[in-house]
Amino acid sequence: MDIVTENHFFSHGSDQRSTPGQREDCHLCQIRAFKTHRSLPITIVNHTGDGAVLPPKFRFTEQSILRDGVTPAANEFRYGCNCEDEESCMYAGCGCLDEVAGSDSEPDDVASDEPDEEDLEILQWAASTQERPSWANQRRSRPGSIDDAVVPRTGYDTDARSRKKKRFAYHSRGAKAGLLRGSMLNNSRAPIYECHDGCLCSKDGCPNRIVERGRQVPLQIFRTEDRRGWGVKTMRPLKRGQFVDCYFGEVITADEAERRRHHASMAQRKDVYLFALDKFTDPTSRDPRLRGPPLEVDGEFTSGPTRFINHSCEPNLRIFARVGDLADKHIHDLALFAVKDIEKGEELTFDYVDGQEEIENNARDAALQVEMTKCLCGSKKCRGYLW
Ligand SMILES: [Zn+2]
Ligand SMILES: [Zn+2]
Ligand SMILES: [Zn+2]
Ligand SMILES: [Zn+2]
Ligand SMILES: [Zn+2]
């Protein structure tokens, strides 16, 4: 038993031998205070014999903390849907899905993989109403792709928009219910729009509240054997498309992030923990909070178990921007989903520079590599360098 575990078990009990401060600093006390501790525990193990413990200043949290200068939308600008039955929250017409069509215009939103069953249903629906779902627009130039077969090339009825069309990001039924659909998983950079506190639909019944319901998987933080520090394993098998947890932390302004980078002992190391909330950043936006520079999430000192997930150039998770209230796009969530089936006990990884092509290209440039951080992921597709 290491010193931390010992202190926890022998002096943090109800006999009050330790001060409240000591208990507040104790990682085991922190994770045992999680609402889901009994059903979905986080465990911490180090079987390497190196005696390492988690950074003493680190604090576990179950949600992000907004720091100075970061404010959620005022109540009068909150925006939720008025769906009275749960079914409605899957379709166009649900106010929470209003922005789905316009938001996924990036070129690689629809990748080469085949659409899955539910995607096909939507395409068939589109064919029958002469409308093309927004995410299928990119397929046009690909000869022989599925929509060439079923969607007529001309005569789209744009007035059909308000008619019933499944628009939310998840499967709605069968074994895949609650999993992200193929069109989202296949390299999509599209954000996920979900229902939330401000909606009229029911919190338990609405099918579009997967991230809002939080982590449903017990995780283990473990010491790796190969110089990669700590890592995270899933203690249950995960299916492709399954939500794991959010990357929580302190939400800070761009200025504060810059200050923290500057004060970090190694600026490049600090980048491991900072994630920009830039999914909706647009210098021409009418919303001043979206014009940039974007807010950032710092998970170094305060975060959940996902803060210990390692990078891989060939990862099994991917981060999606998830929005609840449309008025709070500037503080969108960073939601981690499995992009492949994952076995119980397997290490979880995601690509820290996913989608940042410039950085990915730099990593392959010999002239720039001298200044870059080496990647230790060890995967077959390793780029060799991080940033
Ligand atoms: Zn304790
Ligand atoms: Zn809903
Ligand atoms: Zn709704
Ligand atoms: Zn809603
Ligand atoms: Zn790598």
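Strand β4 (residues 192–193) pairs with strand β13 in the parallel sense, over two bridges, and in this pairing Ile192 stands opposite Arg322 of β13. On its own account, β13 (residues 317–323) is mostly covered, since six of its seven residues are buried. This is a predicted model, in which the protein has 11 helices and 15 strands, and 34% of its 387 residues count as buried.

- As a general point, the strands of a sheet pair through backbone hydrogen bonds, and they may do so in either a parallel or an antiparallel way.

**The largest nonpolar core**
- The largest nonpolar core of the protein holds 58 residues, and those with the most contacts inside it are Cys81, Cys89, Cys96, Val244, Ala335, Leu336 and Phe337.
- Strand β14 (residues 333–338) supplies the largest share of this core, namely five residues.
- The core lies between domain 1 (34–63 + 210–369) and domain 2 (78–193), because both of these domains give residues to it.

**A four-stranded open sheet**
- Four strands, in the order β3-β8-β10-β9, form an open sheet whose pairing is mixed.
- Strands β3 (65–66) and β9 (274–276) stand at the edges of this sheet and have a single partner strand each, so that one side of each is left without a neighbour in the sheet.
- Within the sheet, strand β8 (residues 250–252) and strand β10 (residues 296–298) pair in the antiparallel sense over three bridges, and Val251 stands opposite Val297 of β10.

- Apart from residues up to four places away in sequence, Ile42 touches Ile31, Phe34, Leu219, Ile221 and Pro305.
- Across the protein, 70% of the contacts with a separation of 6 or more are between residues 24 or more positions apart.

**The annotated stretch at residues 371–387**
- UniProt, in an unreviewed entry, places the feature "domain: Post-SET" at residues 371–387.
- In the model, the chain over residues 371–387 is 0% helix and 0% strand, and the C-alpha atoms at its ends are 8 Å apart.

**Confidence of the prediction**
- The mean pLDDT of the protein is 83, with 82% of its residues reaching 70 or more.
- Over residues 102–114, however, the pLDDT is below 50, although this stretch has 26 contacts in the model beyond near neighbours in sequence.
- The pLDDT is likewise below 50 over residues 135–163, a stretch that has 41 contacts in the model beyond near neighbours in sequence.

Conventions: Residues numbered from 1 in each chain as written. Chains lettered and ligands numbered in written order. Predicted model: local features only at pLDDT ≥ 70, side-chain atom pairs only at ≥ 80, totals over all residues. Core = buried A, V, L, I, M, F, W, Y, C linked by C-beta atoms within 7 Å. Buried ≥ 20, exposed ≤ 12 C-beta atoms within 10 Å, placed from the backbone. Domains from an automatic or database assignment. Contact = placed C-beta atoms within 7 Å. UniProt positions renumbered as here; feature names shortened; annotations may be inferred. pLDDT = per-residue confidence, 0-100. Pairing = 2+ DSSP bridges.
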